[in-house]
Amino acid sequence: MSWATKYRPAKIDDLCLEGVKEKVRTFVEAKKIPAVLLFAGPKGTGKTTTARLLAAILNKVDEKETQKIVQGQSYMVTEIDAASHNGVDDVRALQETVYIPSGMSEEKVYIFDEVHMLSNSAWNALLKVLEEPPEKVTFILATTEKHKIPATILSRVVAVDFYQATTAELIAAVNRVAREEGLTLEKEALKQMVELADGSFRDAIKMLELASLGAKDGLVTKEQMEKMAGSNLEKRASELLEIMMEKKEVTAVQDFFAVLRESGINEDWFNKALWRLVYGQLVAGLKGSKRKMLLKPKVAHSLLQELNSISRQEAQVIPFLNLELKCLDLTWRIKQKSEQKK
């Protein structure tokens, strides 16, 4: 069992996200949990875990059964991955079972992960169920892209917005797990781990688990984190910007990504480092920083918009493919514009 699963909260009070905890506690204390909920927010912020906790509360189970539900091992909860079960036939199959009484006192809970990926016909079929939910059935729709949810669905749900964890919340979570596992983290190692996690509890705990494999005498060092992350990601991100903006060579862009793949660099961590670097350039430029800048504010702004248009949800056959294609396109455009000025 991964640490991200092992250390999921056992009850609502264990949640680190205070805003979410308070809103969910309001439902629980009022003993009136809405029949249709929408949990929306970035990945790794606890949407699915909170949904499972609510399922445990609805069914009034003991601590042992709660852990089964939280770990996704209970018959009381049906989890549907809308990314791979997004057609109308999938929803119709659900309709055939959702109206069948369980014959028990349990509350059936259906959790839809990445629900925004349902097709239009599937949404229409699901709407019929959500308009008049059966008794003893609760639907929890989870999404990372709330803006893609149809208005007809939004009008029938109670929404709970999840946000990226604060630095303090991530530090508390990592330190708690580290203590449980007998680990000690250097201050700089913890700082780098939190930065790379970028508001995601799940990513932070995954990194700690990976770091533990190479920890000597239970000590996680800054050097170990840098090696694990791929050696100074910000420096690599700066190199990519220089290739695109200064050298303007598409072959060099292709070579750069080939090296990333060969080096086994974690794609999510590199992407976060690149995004942070470009955004830092934008902020520093707008504040009139006197230090030498890689990008002018207007260029940084345009580049962030371009990077933000890249799909990061769909699985890629080739690592870094979406980012590489975007960078190749941008480099061609930059080179063409430069040649037109000559």
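Strand S1 (residues 36–40) and strand S4 (residues 137–143) run parallel and are joined by 5 bridges; strands here are DSSP runs of E with at least two residues, helices are runs of H or I with at least four residues, and both are numbered from the N terminus. Within this pairing, Leu 37 has Ile 140 of S4 as its bridge partner. The model is predicted, so local features need pLDDT of at least 70 and side-chain atom pairs count only at pLDDT 80 or more, whereas totals for chains, interfaces and linings use all residues. Residues are numbered from 1 along each chain as its sequence is written, and side-chain values use heavy atoms, with hydrogens and water left out.

S1 and S4 belong to an open sheet of 5 strands with parallel pairing, in the order S2-S3-S4-S1-S5, where two strands pair if DSSP finds at least two bridges between them. Strand S2 (77–81) and strand S5 (158–161) form the edges, each pairing on one side only. From one strand to the next, the twist averages 20°; axes are lines fitted to C-alpha atoms, for helices over the stretch in contact, and angles run from 0 to 180 degrees between N-to-C directions. Helix H2 (residues 18–29) packs on the sheet and touches S1 and S5, its direction making about 150° with that of S5. Contact means heavy atoms within 4.5 Å.

The loop between helix H4 (63–70) and S2 contains Gly 72. Leaving aside neighbours within four places in sequence, Gly 72 is in contact with Arg 52 and Glu 79. Gly 72 counts as partly exposed because its relative accessibility is 45%, the class between buried (under 20% relative accessible area) and exposed (over 50%), with a 1.4 Å probe and protein chains only.
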